[in-house]
Amino acid sequence: MAFVIVGEGEQSMNDTAFWKGTTYCVLAALAWALIGPVSRVCFAEGMEPTSVAFWRMAISGLCFAVHAMLSGGLKPRLRDLVCMVLFGAVNVTTVILSLQISIQKSGSALAIILMFTAPAWVALFSRVLFREKVSPARLAALLLAMLGTTLVCLSGGSMGGEVSYLGLGCGLLCGFSYAFQFLFFAWWKDRYSTQALFAMTFLPAAAVLACFADIRADVQIMGPTAGAAILVLGVLATYVAYYWYGQSMRFLSPVQAAIIGNLEPVVGTWLSWWLWNESFSAAGWAGCVFVIASVVMLALRK
């Protein structure tokens, strides 16, 4: 076993970097936790999931595009740009729209928990597509995630009342589709900046969503409350949150960031309960714990 002697100055610098990265990561998780509860504000104001999804992508995509242009990073090769546009139009559109439908139909708490099953899907894809060896610990995490997801779905949602199979299905689709973003952005992250990647994928998603959203009606019915909620979703909960997360990765390891990121479903579920009186059955709460625990286990095995 090797021992490394670290001077006081270097140790202090490492501690400063860790806490700086942790602060950024916590802020990002807290901002992402607003997505579900704030989306419900938009629905209460008469907006449809397609409209909320469109405005969120359009606003955040424009912010990322301006950021990328100001930093000189929006100069993609044509072939790369085509890949980005297609991925944004198909995958990002599916993730964002299915999330909004799940929030409206089954509750923001359920939607966020099912979205957070994405790391389990990534682990499964790695085994099937890349033949990665599955350790006993990873297999246990996958089984725990499946059990948690099953319990959350059997709970019927976090809004109570009649079960929405559309909401449950969209929540599962969101988590499954979101898993592909881990693989896609990991492939491109060394060639393009964070702001360039999101600009080139979010804006195509906004263009597709514009075909389904009634933008003219949105402008007519959008009062101060809905307008403020849309700005929070597009600017704070998407653009700023992703920027903060990108900054945190400069100081933290992926494992540290993944574990701290578990604050998102915890805080999001709490906000949904506090602001909208959303709650699960006992089985649903147990499922939430299992899903979050599985993500921690998968992160620790990286």
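User: How should I read a pocket and its lining in this model?

Analyst: A pocket is an open set of grid points with protein on both sides, and its lining residues have an atom within 4 Å of a point. Keep in mind that this is a predicted model. Here the second largest pocket holds about 170 Å³ of space. Its lining is made up of Thr117, Ala120, Trp121, Leu124, Leu142, Ala145, Met146, Thr149 and Leu172.

User: Which helix gives the most to that lining?

Analyst: That is H7, with four residues. Helix H6 (118-130) and helix H7 (136-154) each supply at least two.

User: How many nonpolar, polar and charged residues does the lining have?

Analyst: Seven are nonpolar and two are polar, while none is charged.

User: Why does Glu278 count as buried?

Analyst: Buried means under 20% relative accessible area. Glu278 counts as buried because its relative accessibility is 2%. Arg40 has 16%, so Arg40 counts as buried too.

User: And where is Leu183?

Analyst: Leu183 lies in helix H8 (residues 165-188). With a relative accessible area of 26%, Leu183 is partly exposed. Leaving aside residues up to four places away in sequence, Leu183 touches Val122 and Phe125.

Conventions:
Residues numbered from 1 in each chain as written. Predicted model: local features only at pLDDT ≥ 70, side-chain atom pairs only at ≥ 80, totals over all residues. Heavy atoms only, no water. Buried < 20%, exposed > 50% of the residue type's maximum accessible area, 1.4 Å probe, protein only. Contact = heavy atoms within 4.5 Å. 1 Å grid on protein atoms, 1.4 Å probe; cavity = no way out; pocket = protein on both sides within 12 Å on 5 of 7 lines; lining within 4 Å. Points joined across faces, edges and corners; volume = space filled by probe spheres on them. Nonpolar A, V, L, I, M, F, W, Y, C, P; charged D, E, K, R; others polar.
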